[in-house]
Amino acid sequence: MIQWFILSLYRFRKRLKLAKEYGAVGHVLARLMDKDGNEVTFPNHYPIAAPLEALREADWSIGIVASKKKALATLAAIKGGYINCLIADESLALELLKLTK
């Protein structure tokens with residue numbers, strides 16, 4: 001069991017590093033996006049999820065985010081038009097204000 005966990009963690013970190021190399025700052029619906037909200041694709045990444053365009057067309061697309069560590073990803077989701085209503089904690093809200101000044 002421990003070996004499986006270690007191997008899984010190794011693979012996760014390797015994919016995370018690759019995603020960052022391709023410019024990803026976060027994800028929505030398992031789809032990666034860059035700082036401007038554009039979808040980021042890279043080899044062997046095939047999410048099984050609705051396309052991001054579906055979020056742009058929805059009347060309500062609510063993002064619930066906590067932690068200022070997620071500010072870049074949250075801002076990317078806003079820029080991409082994937083969320084039109086945001087519920088955030090204070091630390092994230094303050095960081096978003098800093099990033100948009």
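Helices (H or I, at least four residues) and strands (E, at least two) are DSSP runs, numbered from the N terminus. The model shown is predicted, so local features need pLDDT of at least 70 and side-chain atom pairs count only at pLDDT 80 or more, while totals for chains, interfaces and linings use all residues. Residues are numbered from 1 along each chain as its sequence is written, and side-chain values use heavy atoms, with hydrogens and water left out.

View 1. Along the principal axes, the C-alpha atoms fill a box of roughly 45 × 30 × 25 Å. Of the 101 residues, 27% count as buried, where buried means under 20% relative accessible area, exposed over 50%, and partly exposed in between (1.4 Å probe, protein chains only).

**View 2. Strand β3 carries Ile64, a residue of a nonpolar surface patch.** The strand spans residues 62-65, and Ile64 counts as exposed because its relative accessibility is 68%. Together with Trp60, Ile62 and Ile87, Ile64 makes a nonpolar patch of about 510 Å². The areas come from the Shrake-Rupley method with a 1.4 Å probe, and for residues only the protein chains shown count as cover.

**View 3. Helix α3 (residues 71-79) has buried residues, including Ala76 and Ala77.** The buried residues of α3 pack against β1 (26-28), β2 (31-33), β3, β4 (85-88) and α4 (90-99). Among the residues that Ala76 touches are Met33 and Tyr82, leaving aside those up to four places away in sequence; a contact means heavy atoms within 4.5 Å. After α3 comes Gly81, whose phi is positive, near 80°.

**View 4. One aromatic pair is present in the structure.** Tyr22 and Phe42 form this tilted pair, with 5.5 Å from centre to centre and 35° between the planes. Rings of Phe, Tyr and Trp (its six-membered ring) pair if their centres lie within 6.5 Å, and planes under 30 degrees apart count as stacked, over 60 as edge-to-face and the rest as tilted. Because Tyr22 lies in the loop between α1 (2-21) and β1, and Phe42 in the loop between β2 and α2 (53-57), the pair ties together parts that are 20 residues apart in sequence. Tyr22 is partly exposed at 41% relative accessibility, whereas Phe42 is buried at 7%.

Terms used. Patches are made of residues with over 30% relative accessible area and no salt bridge: like charges are joined within 9 Å, nonpolar side chains (Val, Leu, Ile, Met, Phe, Trp, Tyr) within 5 Å. A salt bridge is a side-chain nitrogen of Lys or Arg within 4 Å of a carboxyl oxygen of Asp or Glu.
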